[in-house]
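I opened a notebook page for this chain.

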Amino acid sequence: MRGESVREWNAPLDALFLEASRRVITVGVGDGGNEIGMGALRARLVRAGPRIRRVASVVSARHVVVAGVSNWGAYGIVVELARLARRPLLHTGEEERRMIEACVKAGAVDGITRKHEATVDALPVEAHVGMVELLRLMENPSPHGGHP
(Lines give C-alpha, C1' and ligand atoms only; values in the text may rest on other atoms or scores of the structure.)
Protein backbone atom coordinates (compact mmCIF):
# COMPACT_ATOMS: atom_id res chain seq x y z
CA MET A 1 0.00 0.00 0.00
CA ARG A 2 2.98 2.28 0.58
CA GLY A 3 4.38 1.43 -2.83
CA GLU A 4 7.14 -0.63 -1.21
CA SER A 5 7.82 -4.26 -1.99
CA VAL A 6 6.78 -6.82 0.66
CA ARG A 7 8.32 -9.67 -1.31
CA GLU A 8 10.77 -10.63 1.46
CA TRP A 9 7.87 -11.29 3.89
CA ASN A 10 5.29 -12.80 1.54
CA ALA A 11 5.22 -15.81 -0.74
CA PRO A 12 4.26 -15.13 -4.39
CA LEU A 13 0.66 -16.28 -3.93
CA ASP A 14 -0.52 -14.14 -6.82
CA ALA A 15 0.69 -16.92 -9.15
CA LEU A 16 -2.12 -19.14 -7.85
CA PHE A 17 -4.64 -16.57 -9.08
CA LEU A 18 -2.87 -15.64 -12.30
CA GLU A 19 -2.52 -19.28 -13.36
CA ALA A 20 -5.94 -20.50 -12.16
CA SER A 21 -8.18 -21.99 -14.82
CA ARG A 22 -11.53 -20.33 -15.48
CA ARG A 23 -13.21 -23.25 -13.68
CA VAL A 24 -11.52 -22.31 -10.39
CA ILE A 25 -13.55 -19.92 -8.25
CA THR A 26 -11.28 -17.23 -6.84
CA VAL A 27 -12.05 -14.79 -4.04
CA GLY A 28 -10.03 -11.73 -3.12
CA VAL A 29 -10.35 -9.54 -0.04
CA GLY A 30 -8.93 -6.05 0.07
CA ASP A 31 -8.95 -2.70 1.79
CA GLY A 32 -6.37 -0.66 -0.08
CA GLY A 33 -6.46 -1.76 -3.70
CA ASN A 34 -3.09 -3.48 -3.57
CA GLU A 35 -4.34 -6.91 -2.52
CA ILE A 36 -4.81 -10.03 -4.67
CA GLY A 37 -8.22 -9.84 -6.33
CA MET A 38 -8.43 -6.06 -6.40
CA GLY A 39 -7.22 -6.16 -10.00
CA ALA A 40 -10.87 -6.79 -10.86
CA LEU A 41 -11.50 -3.21 -9.72
CA ARG A 42 -8.31 -1.69 -11.12
CA ALA A 43 -10.02 0.55 -13.69
CA ARG A 44 -11.97 2.20 -10.87
CA LEU A 45 -9.04 2.31 -8.47
CA VAL A 46 -6.63 4.09 -10.81
CA ARG A 47 -9.05 7.02 -11.07
CA ALA A 48 -8.47 7.65 -7.34
CA GLY A 49 -5.12 9.31 -7.99
CA PRO A 50 -1.43 8.75 -8.65
CA ARG A 51 -0.61 6.93 -5.39
CA ILE A 52 -3.28 4.26 -5.81
CA ARG A 53 -2.47 4.03 -9.53
CA ARG A 54 1.09 3.07 -8.51
CA VAL A 55 0.05 0.35 -6.05
CA ALA A 56 -3.24 -0.99 -7.44
CA SER A 57 -3.17 -4.72 -7.96
CA VAL A 58 -3.33 -6.23 -11.44
CA VAL A 59 -4.34 -9.64 -10.04
CA SER A 60 -8.06 -10.28 -10.45
CA ALA A 61 -10.44 -12.61 -8.67
CA ARG A 62 -13.89 -13.71 -9.73
CA HIS A 63 -15.36 -12.42 -6.46
CA VAL A 64 -13.98 -9.42 -4.57
CA VAL A 65 -14.84 -8.37 -1.02
CA VAL A 66 -13.92 -4.80 -0.16
CA ALA A 67 -13.72 -3.87 3.51
CA GLY A 68 -12.36 -1.15 5.76
CA VAL A 69 -9.83 -3.71 7.03
CA SER A 70 -9.08 -6.81 4.95
CA ASN A 71 -9.26 -9.08 8.01
CA TRP A 72 -12.82 -7.89 8.61
CA GLY A 73 -13.81 -8.70 5.03
CA ALA A 74 -12.42 -12.22 5.45
CA TYR A 75 -14.30 -12.57 8.73
CA GLY A 76 -17.48 -11.50 6.92
CA ILE A 77 -16.96 -14.40 4.52
CA VAL A 78 -16.60 -16.74 7.51
CA VAL A 79 -19.88 -15.39 8.94
CA GLU A 80 -21.70 -16.16 5.69
CA LEU A 81 -20.19 -19.65 5.64
CA ALA A 82 -21.35 -20.11 9.24
CA ARG A 83 -24.87 -19.10 8.27
CA LEU A 84 -24.83 -21.62 5.43
CA ALA A 85 -23.39 -24.33 7.70
CA ARG A 86 -25.85 -23.35 10.44
CA ARG A 87 -23.14 -23.40 13.08
CA PRO A 88 -20.69 -20.86 14.47
CA LEU A 89 -17.33 -20.76 12.70
CA LEU A 90 -15.86 -17.37 13.59
CA HIS A 91 -13.35 -17.12 16.40
CA THR A 92 -14.06 -15.02 19.50
CA GLY A 93 -12.96 -11.49 20.23
CA GLU A 94 -10.64 -12.82 22.92
CA GLU A 95 -9.07 -15.21 20.41
CA GLU A 96 -8.60 -12.24 18.05
CA ARG A 97 -6.77 -10.39 20.82
CA ARG A 98 -4.52 -13.38 21.50
CA MET A 99 -3.76 -13.86 17.80
CA ILE A 100 -2.77 -10.21 17.33
CA GLU A 101 -0.64 -10.29 20.47
CA ALA A 102 1.00 -13.55 19.36
CA CYS A 103 1.84 -12.01 15.99
CA VAL A 104 3.44 -9.01 17.69
CA LYS A 105 5.34 -11.29 20.07
CA ALA A 106 6.64 -13.20 17.04
CA GLY A 107 7.97 -9.95 15.56
CA ALA A 108 5.09 -8.65 13.42
CA VAL A 109 4.57 -4.94 12.88
CA ASP A 110 1.47 -3.01 11.92
CA GLY A 111 1.24 -2.83 8.13
CA ILE A 112 0.45 0.89 8.17
CA THR A 113 2.36 2.29 11.13
CA ARG A 114 5.25 -0.21 10.91
CA LYS A 115 5.29 -0.14 14.70
CA HIS A 116 5.84 -3.24 16.80
CA GLU A 117 2.55 -2.94 18.72
CA ALA A 118 -0.83 -4.68 19.01
CA THR A 119 -2.54 -2.72 16.25
CA VAL A 120 -3.76 -3.75 12.81
CA ASP A 121 -4.01 -1.14 10.06
CA ALA A 122 -3.32 1.52 12.70
CA LEU A 123 -6.41 0.52 14.69
CA PRO A 124 -6.09 -0.64 18.32
CA VAL A 125 -6.67 -4.26 19.22
CA GLU A 126 -9.96 -3.27 20.91
CA ALA A 127 -11.39 -2.20 17.53
CA HIS A 128 -10.66 -5.65 16.10
CA VAL A 129 -12.01 -7.45 19.15
CA GLY A 130 -15.19 -5.39 18.88
CA MET A 131 -15.60 -6.08 15.16
CA VAL A 132 -15.21 -9.82 15.69
CA GLU A 133 -17.85 -9.76 18.43
CA LEU A 134 -20.19 -7.72 16.23
CA LEU A 135 -19.77 -10.16 13.37
CA ARG A 136 -20.38 -13.08 15.73
CA LEU A 137 -23.82 -11.64 16.42
CA MET A 138 -24.62 -12.09 12.74
CA GLU A 139 -23.46 -15.70 12.50
CA ASN A 140 -26.66 -17.20 13.79
CA PRO A 141 -29.10 -14.45 14.70
CA SER A 142 -32.13 -15.28 16.79
CA PRO A 143 -35.41 -13.38 16.38
CA HIS A 144 -34.36 -11.27 19.39
CA GLY A 145 -30.85 -10.53 18.11
CA GLY A 146 -27.55 -12.18 18.95
CA HIS A 147 -27.00 -15.89 19.44
CA PRO A 148 -30.04 -18.00 20.36
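What covers the buried residues of H5? I looked this up before anything else. The cover includes H4, E3 and H6. I note that the model is a predicted one.

**Entry: H5**

I listed the buried residues of H5. They are Gly-93, Glu-96, Ile-100 and Val-104. Viewed down the axis of H5, these buried residues fall within an arc of 70°, so they line one face of the helix. The general rule is that an α-helix has 3.6 residues a turn, so residues three or four places apart point the same way. I then checked the length. H5 has 13 residues and reaches 18 Å from first C-alpha to last, close to the 18 Å expected at 1.5 Å a residue. After H5 comes Gly-107, with a positive phi near 115°.

**Entry: H6**

I turned to H6, residues 125-139. H6 has 15 residues, and its end C-alpha atoms give a reach of 21 Å, close to the 21 Å expected. Which residues of H6 are buried? I found Val-125, His-128, Val-129, Val-132, Leu-135, Arg-136 and Glu-139. Seen down the axis of H6, the buried residues fall within an arc of 130°, so they too line one face of the helix. I noted that Arg-136 and Glu-139 are on this buried list. The buried residues of H6 pack against helix H4 (70-85), helix H5 (93-105), strand E3 (119-120) and strand E4 (123-124).

**Entry: H4**

H4 has 16 residues. At 1.5 Å a residue they should span 22 Å, and the end C-alpha atoms are 23 Å apart, which agrees. The buried residues in H4 are Ser-70, Trp-72, Gly-73, Tyr-75, Val-79 and Ala-82. What do they pack against? I found strand E1 (27-30), strand E2 (63-66), H5, E4 and H6.

**Entry: positive phi**

I looked at the residue after H4. Arg-86 follows the helix. Its phi is near 60°, a positive value in a residue other than glycine. Most residues other than glycine have a negative phi. Arg-86 sits in the loop between H4 and H5. Is Arg-86 buried or exposed? Its relative accessibility is 74%, so Arg-86 counts as exposed.

Arg-114 lies in the loop between H5 and E3. Arg-114 is partly exposed, with a relative accessible area of 34%.

**Entry: Ile-112**

Ile-112 is in the loop between H5 and E3. Ile-112 has a relative accessible area of 43% and is partly exposed. Which residues does Ile-112 touch, not counting residues up to four places away in sequence? I found Arg-2, Asp-121 and Ala-122. I also took one distance. Ile-112 and Leu-123 are 11 residues apart in sequence, and their C-alpha atoms are 9.5 Å apart in space.

**Entry: Ser-57**

I moved to the loop between helix H3 (50-55) and E2, where Ser-57 is found. Ser-57 has a relative accessible area of 7%. The cut-off for buried is under 20%, so Ser-57 is buried. Leaving aside neighbours within four places in sequence, I listed the contacts of Ser-57. They are Gly-33, Asn-34, Glu-35, Ile-36, Gly-37, Met-38, Gly-39 and Arg-42. From Ser-57 to Glu-35 I read 22 residues in sequence and 6.0 Å in space, C-alpha to C-alpha.

**Entry: the chain as a whole**

I ended with overall figures. The chain holds 6 helices and 4 strands. From the N terminus, the order of elements is α-β-α-α-β-α-α-β-β-α. The C-alpha atoms fill a box of roughly 45 × 40 × 25 Å along the principal axes. Of the 148 residues, 30% count as buried. The chain exposes about 9,700 Å², and carbon and sulfur atoms supply 57% of that area.

How many of the contacts between residues at least 6 apart in sequence join residues at least 24 apart? The share is 54%. For charges, I noted 20 positive and 17 negative side chains. The centres of the two sets lie 9 Å apart.

Methods:
Residues are numbered from 1 along each chain as its sequence is written. This is a predicted model: local features need pLDDT of at least 70, side-chain atom pairs count only at pLDDT 80 or more; totals for chains, interfaces and linings use all residues. Side-chain values use heavy atoms; hydrogens and water are left out. Helices (H or I, at least four residues) and strands (E, at least two) are DSSP runs, numbered from the N terminus. The expected span of a helix is 1.5 Å times one less than its number of residues. Buried means under 20% relative accessible area, exposed over 50%, partly exposed in between (1.4 Å probe, protein chains only). The arc is that of the directions from the helix axis to the C-beta atoms. Contact means heavy atoms within 4.5 Å. Accessible areas come from the Shrake-Rupley method with a 1.4 Å probe; for residues, only the protein chains shown count as cover. Lys and Arg count as positive and Asp and Glu as negative; His and the chain ends are not counted. The place of a charge is taken as NZ of Lys, CZ of Arg, CG of Asp or CD of Glu.
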